[in-house]
Amino acid sequence: MAALEEGFTLSAVPLGAGPHGLLGVEQSDRPDQFLVTDGGRTVILYKVSDQKPLGSWSVKQGQVITCPAVCNFQTGEYIVVHDNKVLRIWSNEDVNLDKVFKATLSAEVYRIHSIQGTEPLVLFKEGAVRGLEALLAEPQQKIETVISDEEVIKWTKFFMVFRHPVLIFITEKHGNYFAYVQMFNSCTLSKYTLLPGHEEKSVIQSFTASVDRKVISLMSLSSDGCIYKSLIPIHPNDPEKNQRVVRSLLLKTVVSGNVRNGVALTVLDQDHIAVLGPPLPASKECVSIWNTKFQTLQTSKELPQGTSGQLWYYGENLFMLHGKFLTVIPYKCEVSSLAGALGKLKHSQDPGTQTVPHFVNWETSQGYGFGSQNSEQSKRILRRRKIEVSVQPPPSKQLLSTIKKDSEKRIVEELCKFLASKQTPDFHTIIGDIVLELLGRHKVEPSFYPRNALMQLIRTHVLSYSLCPGLMEVALEKTDVQMLQLCLQQFPDIPESITCACLKIFLSISDDSLQEAEINMESVSDYIDSVQEEKMEEQTEILHNGFNPEEENCDNCDRELNKKPQDTAEETTSCPVIPKRAALLNAILHSAYSEMFLLPHLKDIPAQHVTLFLQYLYFLYLKCSENATMTLPGLHPPTLNQFIGTSSLTGVR
């Protein structure tokens, strides 16, 4: 017998507004506390019994959290990944994520797993896995590719089996599904092809799994509304061989087969699963509990405000989005029996409190970078210490020797040869070394400014501010607005002081200087008139003694006095800056920043330039207002939130 109790709203603010809903709900180091990661910028720590948040942390404007935050049960710290490669670690005492430990990784992260008894494990999008400590010791280490081209990870889960960690992840390619099982005590990776049974080929919408000592029971909810089960051995006979497992029908039509999203399932215990989705095509969404042993529906609860199709459970609580708010529904599942499955038990027995098993230390697996818990103290010291990224030896000594002594023309020739060669896994590190070598020579020889070489290196899309410190400072010194624009568009970790220095130059540089610069105009090409530049040039003509010698009469004065009110209104909607300056200002609006650290630097900008910037932001608002969707046309224009948020900061300067 199973029962769903009365639910309650955990969050007082709407969540899951992004395209991916909530990124995750994860257990903290205390049983009653959970980390909730919204699909945007925020991680919130909730205490379920008190139904209130205990803490909230956000990445800065322009950054996006791409992986659910988890708790490191060995240290009590929290871990999150933003912008796919930037890993942050913090504790309850930290206030601003921009000031906590940071490590930039060499490959994109799919998920971080953390359960009691082990150190956290990092799964990369290309299928490789690393222990957290080994990864932090060398963040820029080479990450191998495990899955094939066009194969995409869809779901993953982490278990403990015989005190050893086991990872399973599911991939999809051209409608075919594959299961990878990683055993860390033996460093073996097994691959299985998931074959459909007698059912027609359908899209799998959700996965869940449980494990015993020998077999992983993988369950999948397909687009036909049925749940299928596959049994995957933990210890395969031939790990090197791509093996096959067949999906068999477990439960038939638990949700409407017409639903293409908004469904999910999760295993509750050996005999019960929870399912999220509408049972009939015309019915509202609901959460239900099924007995898989006797294939019966035990209980269900309607969710009239809809849900995001995401479901988590911890202890005896189900977590889901109901409408826009995170809802917790307690549940109880009794020991499975036929009478209980049919609802004929005369009295129910207290199921008791479920206990979370405590796992002791497991053997070290050096091949995947896992360490022993005996070194926990040293791990904490390592966490607090700034990680020094080891410099990889460059692949071409000829290129570095050329940088030290030859002309820029010769350097560009050698650089083109290097960029045309086959890229190695440490390519991004080598590019950073080349930039630092060029900047080092510029520091010794101020007249040497290898602009063309630097621009080529920035366009490789592998650099960041922290990988080549000093590059933007040199560009600021040279008033190289084209290079600054390119850096702002590509670097995710630019300090607010540098961003404000760029803004100051973009506002103060003369129109004549901008006319000579090559600026990327994508962000303004569709909403600033092509003749605007000519109009601005006409308006900036110098009038000697208030007199234009080309005017031979006062007809112009009469026209000004007789101007209609709507003509004045049209002038107010004209762009106050030339298109090239507008493109540079858009690069500022697109950049990531933290309000707390940006505001002090805005005070260094002269008042007349702040006024001009506010006029441009007001112009963008007026252009947005002309569109029903409140958006600007074109490629990569600034969004309403970007320029409204910036205008509020600039206004309080």
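I began with strands β15 and β16 (residues 176-183), which pair in the antiparallel sense over eight bridges; pairing here requires that DSSP find at least two bridges between two strands, and strands (E, at least two residues) and helices (H or I, at least four) are DSSP runs numbered from the N terminus. This is a predicted model, in which local features need pLDDT of at least 70 and side-chain atom pairs count only at pLDDT 80 or more, while totals for chains, interfaces and linings use all residues. Residues are numbered from 1 along each chain as its sequence is written, and side-chain values use heavy atoms, with hydrogens and water left out.

Within this pair I found Ile170 opposite Ala179 in β16, and in the turn of the hairpin, which has two residues between the strands, His174 has a positive phi of about 55°.

I then turned to the other partner, strand β14 (residues 152-161), which runs antiparallel to β15 and is joined to it by nine bridges. Met160 stands opposite Pro165 in β15, and Phe162 takes a positive phi near 50° in this hairpin, which has two residues between its strands.

I checked the cover of β15 (residues 164-173) and noted that nine of its 10 residues are buried, where buried means under 20% relative accessible area, exposed over 50% and partly exposed in between (1.4 Å probe, protein chains only).

Lastly I looked up His82 in strand β8 (residues 77-82), which is buried with a relative accessible area of 1%. Leaving aside neighbours within four places in sequence, His82 is in contact (heavy atoms within 4.5 Å) with Val59, Gln63, Val64, Ile65, Thr66 and Arg88.
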